[in-house]
Amino acid sequence: MTQEIELPVTGMSCAACAGSVESMLAQAPGVSAARVNYASHSAVIALDPDRPANLTELRQLIKSIGYDLLIEEQEQKDLEGIQKRAFQQLKRNTLAAGLLAFPVFMIGMFWMHMPYGNELSWLLTTPVLFYFGRSFFINAANQTRMGKANMDSLVALSTGIAYLYSTFNTLFPQVLLSRGLEPHVYFETAAVIVFFILLGRTLESGAKAGTGEALRKLMSLQPDRVWVLEGNQETEKAVEEVRKGDLILVKPGQKVPLDGTVTEGDSFVDESMLTGEPIPVRKVSGEKVFAGTMNQAGRMEVRVTESAAHTLLAGIIQRVKAAQSSKAPIQRTVDKVTAIFVPTVLAISLLTFVVWMLTGAYLMGMLSMITVLVIACPCALGLATPTAIMVGIGKAASMGILVKDAESLELGKKIDTLVLDKTGTITAGKPEVREVHWQHPAQSAQLGQVLAALESRSEHPLATALTAYFSKESANRPKVSAFQSATGKGIRGEVDGKTYVVGSIHWLISLGCGLSKELKEQAQTLLEQGMIVIYFANSSEVLAVVGIADPIKENSKEAIRELMQMGIEVHMLTGDNEKTATHIARQVGITQVRSQALPSDKAAYILQLKNEGKRVAMAGDGINDSEALVLADLSIAMGKGTDIAMDVAKVTLMHSNLLEIPRLLKLSKRTVQTIHQNLFWAFIYNIIGIPVAAGVLFPAFGFLLNPMIAGAAMALSSVSVVSNSLRLKFAN
């Protein structure tokens with residue numbers, strides 16, 4: 001059986017780097033297949049079962065092309081630190097290169113005849129290329145050793161030749177002057193190219209920084225330590241040491257450390273990380289509990305049914321990890337094109353030099369070769385995506401929408417199906433009292449204060465909603481005596497010598513409280529609307545029925561209507577019960593609903609839609625949505641939701657307003673159109689410019705493009721790309 005291992009890879013700065021590492025690993029002895037993902041900085045290696053590869057040898061192989069494979073456990077633990085340090089270094093290099101390139105650009109474009117201008121440009125450009133931009137030259141050399149070429153190769157060649165030619169003209173200007181030629185320098189071209197490409201890399205790396213944050217937060221949900229019951233003793237152990245069948249203790253306020261079944265105890269457990277529902281669930285003997293959920297009230301003894309590596313939470317973590325690593329950034333398309341473009345440009349530049357040499361014009365040939373390399377430098381190509389993305393992301397941010405990367409904006413254009421979580425997405429996620437029906441309306445003000453006084457003493461999850469609704473003037477709240485709480489049933493207490501109870505109807509009836517026909521009908525109506533019904537009574541009769549529900553957000557209905565008008569199919573996916581889910585869906589106009597869905601069910605639902613050929617966006621706000629969010633083509637998190645949902649998602653709606661989703665999709669279309677326009681003009685510029693730079697017009701018109709003009713044209717192409725991208729700022 002083939003063994004697969006996953007190892008972190010460091011040193012990758014673009015999708016093309018991932019392609020180089022993958023190519024080397026796939027060809028290595030003892031490796032049957034390899035997948036390298038730039039987004040997650042990882043390599044999944046399938047080892048040959050007959051003669052598996054030596055990991056140390058694989059590491060040396062990857063090091064030989066300028067990257068590193070982390071095979072030591074300690075190194076893998078420090079991966080986040082390594083990546084952060086690399087990103088910080090890239091940011092410093094970009095900033096320093098920009099600071100040095102700016103005066104070089106000003107000298108080259110506006111102050112060409114200033115005294116010692118060439119010498120100053122040489123001093124400033126040298127560190128830009130060979131210190132802050134050294135990675136281009138190192139990567140180009142590594143690619144050359146492999147017999148390959150990528151964007152780094154073209155950047156290194158064009159900037160390197162422009163630098164060497166300019167340095168020669170700075171130190172020995174008389175060589176060209178004696179032949180009647182102006183010794184132009186192109187330091188600004190070399191410096192600005194390096195800065196712009198570094199800026200593009202920084203933007204991309206910034207988007208990828210923290211890719212593993214969601215996984216780390218998911219992992220932190222499972223406690224490291226657990227109390228194990230052995231006879232009459234409580235022993236603290238690491239969760240990894242606990243086995244199936246062991247008996248563990250979960251105290252109030254603690255997270256459940258492992259999946260299991262309650263053997264003793266009665267408590268409320270917050271399972272919102274699994275179901276998304278804010279109301280905790282009562283757990284008694286025989287009920288299942290899951291790792292990462294929060295025990296709120298009572299002490300529970302739990303028989304472990306799954307080890308730490310096989311809990312429901314561990315399964316979510318593994319599936320999120322697998323789904324994350326399956327994605328590729330939009331820039332890979334540009335790198336694929338560049339893989340063909342670069343060797344073609346190199347061949348044309350060399351051919352240009354050879355043809356001119358055959359005519360005896362050695363100097364003209366050298367100038368034409370430099371001109372081809374300068375005009376073909378992929379500055380506009382490198383800027384086409386990052387500038388549009390930067391402006392598009394900035395525009396989105398001004399609308400309260402945080403977008404992580406280019407891929408998200410590209411995919412937004414293609415979305416035809418949107419899946420919405422209910423709680424916290426369509427609804428507010430905070431239960432409120434929606435309706436109250438009194439047996440004696442004239443006494444409602446006084447009895448409301450009694451109910452508030454009782455609930456202020458309660459630890460029940462819904463007590464806050466009841467207290468907030470009835471406590472208009474807490475100073476007038478009556479005093480409660482003889483207060484008692486019956487777990488899973490309700491509460492009782494005395495006010496001014498009279499007994500009052502709040503709880504389930506079954507408990508109140510068992511205490512001898514009567515329920516009138518009118519209140520019974522009102523309660524049934526509330527239940528049919530998916531509300532939770534709480535009953536309030538004195539010692540003889542039910543005084544009120546209270547309907548509690550999660551209110552629909554103000555703009556949810558309007559947003560869903562707008563999405564449907566755009567031709568997008570809207571589904572609702574929730575862990576809540578069918579009755580509540582159906583009622584909410586009917587109110588906002590959604591016809592396709594799936595209720596009582598666990599995280600794995602939500603993920604399966606997304607996969608089912610994708611298998612049907614749909615392009616699926618998912619919007620959610622909870623930990624329970626994280627697996628489905630990762631699997632969706634476009635993942636959207638509510639800004640008021642959990643950190644994990646926001647880390648997993650590619651888009652965060654800071655105002656948690658569903659109206660921002662149609663705005664995002666419209667912006668996505670405009671941004672992608674801009675990227676395609678930029679790429680088109682970048683390539684058209686090269687298709688026209690390269691032949692002219694090579695001298696095709698010289699035989700007929702005597703026109704030969706000067707490298708200085710080529711540098712200006714290259715800069716102009718970049719300006720046109722940036723200007724086109726800036727139009728996004730003014731889009732409605």
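## Burial and nonpolar cores in a predicted model

Thr293 has 0% relative accessibility and therefore counts as buried, a term for under 20% relative accessible area with a 1.4 Å probe and protein chains only (over 50% is exposed, in between is partly exposed). This is a predicted model in which local features need pLDDT of at least 70 and side-chain atom pairs count only at pLDDT 80 or more, while totals for chains, interfaces and linings use all residues. Residues are numbered from 1 along each chain as its sequence is written, and side-chain values use heavy atoms, without hydrogens and water.

Thr293 sits in the loop between β11 (288–289) and β12 (294–295); strands are DSSP runs of E with at least two residues, helices runs of H or I with at least four, numbered from the N terminus. A polar atom of the Thr293 side chain lies 2.6 Å from the backbone oxygen of Phe290.

Of the 732 residues of the protein, 53% are buried. The secondary structure comprises 29 helices and 26 strands.

Two nonpolar cores are listed below; such a core is a set of buried Ala, Val, Leu, Ile, Met, Phe, Trp, Tyr and Cys residues joined through side-chain atoms within 4.5 Å.

| Core | Size | Residues, including |
|---|---|---|
| Largest core | 37 residues | Leu420, Ile590, Ile661 |
| Another core | 23 residues | Val433, Val436, Trp438, Leu454 |

In the largest core, Leu420, Ile590 and Ile661 have the most contacts inside it. Helix α27 (residues 660–694) gives this core its largest share, 6 residues. Beyond its neighbours within four places in sequence, Leu420 is in contact (heavy atoms within 4.5 Å) with residues including Ile560, Met572, Ile590, Leu658 and Ile661.

Technical notes. A polar contact is a pair of N or O atoms within 3.5 Å; within protein, one must be able to donate a hydrogen and the other to accept it, and residues adjacent in sequence count only if both atoms are side-chain atoms.
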